Amino acid sequence: MIACQNGEFRLTTLTTSYWMRLTPYGHLEHVYYGARLPDEQGMEPLALKQTAVAGSSITYDEANPLYCLDTLCLEWSGIGKGDFRDTPAEIKMPDGTYTADFRYASHRIIDGCVPMETLPSAYGDAGDCQTLELTLLDESNNVTLTLYYTVFEQADVIARRVALENGNERPLTIRKLLSLMLDMPNDNFRMVTFDGCWIKEAHRHERTLSYGITVNSSVTGDSSNRHNPGFLLAAPETSETQGIAYGFNLVYSGNHYGVAELTDRDLVRVGLGINPHCFEWTLPKGGRFETPQTVMSCSVSGFNGLSQHFHAFVNRHIVRGDWKDKERPILLNDWEAYFFQFTRGKLLRLARKAKKAGVELFVLDDGWFGKRDDDHAALGDYTINRRKLPRGMAEFSRSIHRLGLMFGLWFEPEMVNPDSDLYRAHPEYALATPGKMPALGRNQLVLDLCNPAVRDYIVENVSHILDTCAIDYVKWDYNRHITDACSACVANQGEFYHRYMLGLYEVLGRIFVPRPQILLESCSSGGNRFDLGMLCYSPQIWASDDTDPVERLAIQGGLSYLYPLSTMGAHVSEAPHQQTLRDTPFATRFNVSAFGCLGYELDLKTLTRVQWMDMKRQIAFYKRYRRVMQYGVFWRGETRKPNQTDWHCVAEDQALCVSGLYQKQGNAAESFDRLRPMGLEEKREYRVATRPQRLSVSRFGALINHVLPIHVNPNGFAMNLLNRYYGVEDCVETYLANGRALMSGLPLNSQFVGTGQNPQLRLMADYGSNLYVIEALPKTQPTEKAG
């Protein structure tokens with residue numbers, strides 16, 4: 001896994017090799033990262049060859065004019081010695097200068113992980129991983145930089161971080177310290193990022209690297225819905241299924257900074273870590289600062305291979321506790337049904353109906369505390385609203401349990417409304433800049449988690465409710481970005497953003513580590529804090545407040561490049577959707593949400609009889625195939641039609657696959673479609689069957705009169721009555737074929753093309769979709785010859 005000999009360091013995973021070596025001057029030279037190479041292969045042939053002095057270059061040592069840091073592929077660099085690329089470290093050293101020259105001092109190999117002192121990180125025992133600890137020293141200042149490389153062999157992931165220690169009598173000041181720096185030759189890379197905003201998170205964007213610096217960052221105080229911390233580099237020919245791709249992500253929930261710089265020498269420098277925006281950290285003598293952990297992976301099997309590395313890594317080495325590798329329950333959240341306007345009776349009626357449908361977890365969202373009738377008041381208070389819940393929360397939670405449901409509760413502990421008992425008693429608990437009016441977001445202020453009294457207040461109040469009520473699940477929300485980043489508890493405000501994160505992680509640890517049975521779902525106005533840091537505490541995250549399945553194809557699809565489906569909250573809601581006004585089929589809402597942690601968020605009494613029966617069938621289907629939908633090997637299909645998307649979840653033993661085919665917008669005279677499942681066993685025989693589903697009669701409008709014996713007004717009472725009790729059965733197809741044939745492309749029945757309707761037509765149109773179950777036939781046993 002890790003081998004070190006004669007100044008060469010070889011890190012090996014299941015399918016990749018990562019090689020570096022010491023230069024004659026003690027700098028760490030990066031040699032290779034890519035497909036696994038034979039152990040006997042020497043490094044020298046793969047190292048960059050510099051046989052001429054580059055113009056305008058700075059020579060590190062006049063005795064060796066060819067040795068220039070600016071033209072080397074390095075594992076770490078600094079300022080002041082001739083490397084003018086984007087630096088991973090800007091440190092005002094104890095001597096008062098910014099010159100830093102960290103060179104090799106020692107190394108050791110450690111079985112397992114080296115736990116972090118202040119931050120969450122990936123975990124694994126000696127059988128899972130191995131760590132290389134490389135110690136570098138700036139001799140004149142007696143400042144030590146330790147690089148940690150933890151190799152998770154089976155997951156094909158390498159985790160990296162650094163720690164800085166000041167051995168000088170005088171202090172130093174950190175203005176920038178990334179967790180990862182990596183130089184490698186350019187392969188005409190595309191940089192892929194996952195960007196957006198509220199209700200439009202994690203949309204995939206790519207651009208070809210050009211000379212200069214491309215930055216992927218957040219300065220909102222959180223990992224943000226604007227730019228997820230994770231990003232990819234890929235060669236021009238890389239697709240979902242072939243070609244080389246590199247991925248980088250950060251185990252951190254605050255401001256981040258990711259960079260890819262293309263130099264004049266056609267080298268690419270990658271960096272990732274804490275954003276230096278408003279960052280300044282002082283280290284006295286003996287002080288130590290550790291950066292968040294980064295993770296990186298390489299795939300020669302395209303983006304799907306890279307995603308599968310990250311998915312396995314997150315499920316095995318990030319998510320922890322009782323809910324690791326455990327199937328997530330199907331929930332119903334009351335928010336889009338009632339918003340703030342609920343009563344105990346309304347909630348119990350909704351819960352009873354949810355139980356009849358097969359739901360397993362009932363979640364009470366915002367509005368249960370203080371005078372919380374809208375979003376203007378009561379955040380920060382924890383008194384139960386007795387007008388809505390006259391018998392209290394403990395009794396209500398037990399009532400839900402008596403129905404045979406688990407019970408979940410919404411909190412937003414990091415926030416406070418000015419109109420709240422907490423703010424009136426302790427205005428100093430909220431972030432504010434002296435002499436300035438604090439800026440509101442969603443009518444609320446951010447609590448100062450740098451303040452130990454605030455952390456204690458949150459821990460005590462949330463813990464009290466969890467311990468006195470029958471609560472199985474918590475939705476932890478965070479509905480605005482940070483402004484007025486100033487804390488009276490922090491002497492140097494350049495430390496504020498990072499200390500806030502340390503405070504948040506402390507609070508989460510104090511509340512949930514002693515209560516591992518509680519399923520925590522993190523939320524931040526949807527996917528504003530969808531990152532590996534939160535996943536260390538929260539096994540699943542609400543992906544977006546946008547429940548429109550057409551939008552969710554982009555949101556969940558984007559997140560899937562970095563995070564497994566077991567971490568994505570996905571709900572079926574009412575249509576037209578509150579975020580887009582798009583009217584989508586009930587079946588499609590489920591067919592998209594099934595590729596994640598399924599939930600429902602609607603008023604069940606408004607469902608038609610057809611939708612109610614379909615909901616029960618949907619839940620039964622999901623329960624049957626939940627394991628593969630949450631933990632199967634996920635494949636994104638190669639897009640062959642611009643208006644279609646296909647996803648596939650395959651069991652580890654390749655005996656089962658569930659495929660989804662989605663059409664964003666229908667075209668006139670739509671051409672033939674083919675289903676191309678992935679990850680099947682080529683020689684194995686499979687049965688393919690469409691999941692039965694029905695479409696609303698009203699979707700056909702006046703066309704319905706062509707098949708009815710009587711004329712119906714498409715906008716009249718009869719149509720509404722018909723729509724409530726009858727649905728149009730969509731086409732069900734069944735096939736038998738081996739894996740190789742199926743993966744080559746299975747031609748499907750025609751779509752509706754305006755020339756009539758029959759049971760063999762697929763009724764996709766706008767926003768249509770189908771799920772296909774592909775199950776292996778039993779393997780035939782060889783028979784013994786008689787006699």
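Biologist: Which residues of helix 6 are buried?

Modeller: First, the basis: this is a predicted model, where local features need pLDDT of at least 70, side-chain atom pairs count only at pLDDT 80 or more, and totals for chains, interfaces and linings use all residues. Residues are numbered from 1 along each chain as its sequence is written, and side-chain values use heavy atoms, with hydrogens and water left out. Helices (H or I, at least four residues) and strands (E, at least two) are DSSP runs, numbered from the N terminus. Buried means under 20% relative accessible area, exposed over 50%, partly exposed in between (1.4 Å probe, protein chains only), and the buried residues of helix 6 are V454, R455, I458, V459, V462, S463, I465 and L466.

Biologist: Why do the buried residues of helix 6 line one face?

Modeller: An α-helix has 3.6 residues a turn, so residues three or four places apart point the same way. The arc is that of the directions from the helix axis to the C-beta atoms. Down the axis of helix 6, the buried residues line one face because they fall within an arc of 160°.

Biologist: Which exposed residues sit on the face of helix 6 turned away from its buried side, and what covers the buried residues?

Modeller: The face turned away carries E460 and D467. Contact means heavy atoms within 4.5 Å. The cover over the buried residues includes strand 23 (406–411), strand 26 (473–476) and helix 7 (496–512).

Biologist: What span does helix 6 reach from its first C-alpha to its last?

Modeller: Helix 6 runs over residues 452–468, 17 residues in total. The expected span is 1.5 Å times one less than the number of residues. For helix 6 that expectation is 24 Å, and the model is close to it, at 24 Å.

Biologist: Which residue caps the N-terminal end of helix 9?

Modeller: Among the buried ones are P549, V550, E551 and L553. A polar contact is a pair of N or O atoms within 3.5 Å; within protein, one must be able to donate a hydrogen and the other to accept it, and residues adjacent in sequence count only if both atoms are side-chain atoms. A side-chain oxygen lies 2.9 Å from the backbone nitrogen of V550, and it belongs to the cap, D548.

Biologist: What share of the residues in the protein chain is buried?

Modeller: The protein chain has 13 helices and 40 strands. Its C-alpha atoms fill a box of roughly 95 × 80 × 60 Å along the principal axes. Of the 787 residues, the buried share is 62%.
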